Amino acid sequence: MSMSDRDGFIWMDGKLVPWREASTHVLTHSLHYGMAVFEGVRAYKTVKGTAIFRLQDHTARLMRSAHIFQMKMPFDAQTLDEAQKEVVRSNKLESCYLRPIAFYGSEKMGVSPKGAQVHVAIAAWPWGAYLGEEALERGIRIKVSSYTRHHVNIAMVRAKASANYLNSILANNEVTAAGYDEAVLLDPEGYICEGSGENVFIVRKGVLYTPDLTSCLEGITRDTIIQLAGEMGIKVVEKRITRDEMYSADEAFFCGTAAEITPIRELDDRVIGVGHRGPVTKALQDKFFDLVNGRSDTHADWLALV
Ligand code: PMP
């Protein structure tokens with residue numbers, strides 16, 4: 001089903017509009033020059049009703065992304081939080097993925113966005129496991145892309161910005177065409193950085209390692225995992241990781257709002273650990289899914305009931 005041809009409502013610039021009417025002109029500035037910031041958020045069905053996971057943290061990152069690019073956000077965080085809840089309610093969704101986006105409109109053309117208006121839209125739709133339901137247990141086969149992830153003075157990696165994903169698309173296209181499930185990118189110095197849309201962790205001798213935040217997105221799932229691991233007594237180290245360190249890891253997984261916690265079973269045709277989901281990954285997945293589905297009594301503040 002086309003993303004534009006659906007029933008339901010999309011929030012645009014302060015009001016809900018019928019899904020098929022939520023459109024913008026072909027001379028939209030962001031379409032030409034790539035300057036837009038967005039979020040990926042999930043809502044889950046919990047015993048208390050549908051709840052958006054870490055809503056305030058996602059909205060705060062959206063505001064920071066806009067700030068980095070000096071995009072003047074026309075709505076405050078509280079309005080955007082409420083709007084996201086309204087979108088879930090009005091589309092009668094029990095569990096879904098939400099996509100808030102802020103972009104420059106068609107008010108002017110030319111590289112400088114000065115004079116273009118910032119528009120904000122929020123859509124939500126059901127979206128299952130990003131890398132496939134079976135991948136959550138079986139794991140995926142990934143490959144290091146020949147494309148390097150952003151240099152910190154070329155792209156603003158703290159921002160979740162549309163243009164950053166050109167690099168993600170190059171990497172993902174390259175490795176999926178070669179039969180792999182997803183790409184992992186190296187930073188400009190050759191260390192493991194992140195997937196095309198996921199942060200990455202490895203496990204060695206019971207310790208979790210993840211790249212520091214120099215060149216990768218400050219993932220909210222990454223942060224959730226670091227906090228959960230701490231509570232489970234699992235040590236977490238943020239440091240540079242080499243690709244051979246990952247080849248010889250006991251376990252590895254990707255994480256992200258869309259990907260949740262997806263085990264990695266192979267990197268560059270080397271089997272990682274036992275070749276499927278390992279025990280640390282499973283324990284973290286169980287904790288994570290208990291949490292997002294409201295089956296845990298900790299972190300209740302991370303669930304915003306709609
Ligand atoms: N890195 C990239 C490049 C991403 O697109 C995402 C998904 N937003 C992540 C990491 C994970 O971030 P989060 O856990 O906040 O979804």
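The structure is a predicted model, and residues are numbered from 1 along the chain as its sequence is written. Strand 15, covering residues 260-267, is largely enclosed by the rest of the structure, because 8 of its 8 residues are buried.

- The buried residues in helix 3 are L80, D81, A83, Q84, K85, V87 and V88, and the helix is followed by K92, a residue whose phi is positive, near 50°.
- Helix 6, made up of the 12 residues 220-231, reaches 17 Å from its first C-alpha to its last, which is close to the 16 Å expected at 1.5 Å a residue.
- In helix 6 the buried residues are I220, T221, R222, T224, I225, L228 and A229, while G233, which follows this helix, has a positive phi, near 80°.

**Aromatic pairs and a cluster**

- One of the aromatic pairs is formed by F38 and Y165, whose rings are 5.2 Å apart from centre to centre, with 50° between the planes, and this pair is tilted.
- Because F38 lies in strand 3 (residues 36-38) and Y165 lies in helix 5 (residues 164-177), the pair ties together parts that are 127 residues apart in sequence.
- F38 is buried, with a relative accessible area of 8%.
- The rings of Y97 and W127 have centres 4.7 Å apart and planes at 90°, so this pair is edge-to-face.
- The pair of Y97 and W127 links distant parts of the chain, 30 residues apart, since Y97 belongs to strand 6 (residues 96-104) and W127 to the loop between strand 7 (118-125) and helix 4 (135-138).
- Y97 counts as buried at 5% relative accessibility, whereas W127 is partly exposed, with a relative accessible area of 35%.
- F53, F288, F289 and W302 together form one aromatic cluster.

**Charges over rings**

- The ring of W302, a member of that cluster, has the charged end of R54 sitting over it, 4.2 Å from the ring centre.
- The charged end of R270 sits over the ring of Y247, at 4.2 Å from its centre.

**Strand 15 and its partners**

- Strand 8, at residues 140-144, pairs with strand 15 in the parallel sense over 3 bridges, and R141 has E266 in strand 15 as its bridge partner.
- Strand 14, at residues 251-256, runs antiparallel to strand 15 and is joined to it by 4 bridges, with E260 in strand 15 as the bridge partner of G256.
- Strand 14 and strand 15 are also joined by a hairpin through 3 residues.
- Strand 16, at residues 270-271, pairs with strand 15 in the antiparallel sense over 2 bridges, and here L267 stands opposite R270.
- The hairpin formed by strand 15 and strand 16 has 2 residues between the strands, and D268 in the turn has a positive phi of about 50°.

Terms used
Predicted model: local features only at pLDDT ≥ 70, side-chain atom pairs only at ≥ 80, totals over all residues. Heavy atoms only, no water. Expected span 1.5 Å × (residues − 1). Buried < 20%, exposed > 50% of the residue type's maximum accessible area, 1.4 Å probe, protein only. Phe/Tyr/Trp six-rings, centres within 6.5 Å; stacked < 30°, edge-to-face > 60°. Lys NZ or Arg CZ within 6 Å of the ring centre and 35° of its normal. Pairing = 2+ DSSP bridges.
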